[in-house]
Amino acid sequence: MPDPVEFDFVTMNREVIEEFRANKGKVGGVFADQPLLILHHVGAKTGIKRLSPLATLVEDGRIFIFASKGGSDTHPDWYRNLLADPRVTVELGTETFPATATVVTGAKRDEVYAKQSALHPQFADYQRNAKRLIPVVELIPDRRN
């Protein structure tokens, strides 16, 4: 991944979202081996609905995302938005559903992040490069509807 400070995330995200939706949740290129989802969230300051394609780890029916921002020293905007309003919508594969975002902390956070890093070593690099602890967020589906 290019330097996160100089990289155009807006264009990349738009292209990834288009490809994800056109190919039933699959994308190619640098993300070909990485499971992704599209997170629908609301801007904390603007109230504008946002979409973010994010790397995901699905394990035992649990869905995790990682606020890595490519190893940047600042949290991604979507993470700050979830702290303000944890109600989200998730597109995973061909399914779309409401969920609640919950930050995972402590030993469980470390365990989940280590699993993601073992599957996708760039995540270990992101944590090494960042001057912050990269948050892990669990998306808990609201299947009552």
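Visitor: Within how many Å do the axes of helix H3 and H4 come, and at what angle do they cross?

Guide: In this predicted model, the axes of H3 (residues 106-119) and H4 come within 7 Å and cross at roughly 125 degrees. Axes here are lines fitted to C-alpha atoms, for helices over the stretch in contact, with angles from 0 to 180 degrees between N-to-C directions.

Visitor: Why is H3 called oblique to H4?

Guide: Under 35 degrees would be roughly parallel, over 145 roughly antiparallel, 65 to 115 roughly perpendicular, and the rest oblique. The crossing is roughly 125 degrees, so H3 counts as oblique to H4.

Visitor: Which residues make the contact of H3 and H4?

Guide: From H3 you get Arg-109, Tyr-113, Gln-116 and Ser-117, and from H4 come Phe-123, Ala-124, Tyr-126 and Gln-127. Contact means heavy atoms within 4.5 Å. Four of the residues in this contact are nonpolar, three polar and one charged. Nonpolar covers Ala, Val, Leu, Ile, Met, Phe, Trp, Tyr, Cys and Pro; charged covers Asp, Glu, Lys and Arg; the others, Gly among them, are polar.

Visitor: Where do the numbers and the cut-offs for the model come from?

Guide: Residues are numbered from 1 along each chain as its sequence is written, and side-chain values use heavy atoms, with hydrogens and water left out. Since the model is predicted, local features need pLDDT of at least 70 and side-chain atom pairs count only at pLDDT 80 or more, while totals for chains, interfaces and linings use all residues.

Visitor: On to the strands. How do you know that E1 and E2 pair?

Guide: Two strands pair if DSSP finds at least two bridges between them, and E1 and E2 have seven, in the antiparallel sense. One example is Leu-39, whose bridge partner in E2 is Ser-52. The two strands form a hairpin with six residues between them, and Gly-47 in the turn has a positive phi of about 75 degrees. Strands (E, at least two residues) and helices (H or I, at least four) are DSSP runs, numbered from the N terminus.

Visitor: What joins E4 to E5?

Guide: Six bridges do, with the strands running antiparallel. Glu-91 has Thr-96 as its bridge partner in E5. Two residues lie between E4 and E5 in their hairpin, where Gly-93 takes a positive phi of about 65 degrees. Thr-96 also touches Thr-89, Val-90 and Glu-91, leaving aside residues up to four places away in sequence. Its C-alpha atom is 9.8 Å from that of Leu-37, which is 59 residues apart along the chain.

Visitor: What do the six strands close into, and in what order?

Guide: They close into a barrel, ordered E1-E2-E3-E6-E5-E4, with antiparallel pairing. Neighbouring strands are turned by 45 degrees against each other on average, direction ignored. H3 packs on this sheet, touching E2, E3, E5 (95-104) and E6, and makes about 85 degrees with the direction of E2. Four bridges link E2 with E3 (residues 62-66), four link E3 with E6 (residues 136-141), and three link E1 with E4 (residues 87-92).

Visitor: How many residues line the largest pocket, and which lie nearest its centre?

Guide: The lining has 40 residues, with Phe-9, Asn-13, Ser-52, Pro-76 and Trp-78 nearest the centre. A pocket is an open set of points on a 1 Å grid over the protein atoms alone where a 1.4 Å probe fits, with protein on both sides within 12 Å along at least five of seven lines; lining residues have an atom within 4 Å of a point. About 1,200 Å³ of space lies in the largest pocket, a volume being the space filled by probe spheres on points joined across faces, edges and corners.

Visitor: Which helix gives the most to the lining of the largest pocket?

Guide: That's H1, with seven residues. By class, the lining has 21 nonpolar, 10 polar and nine charged residues.
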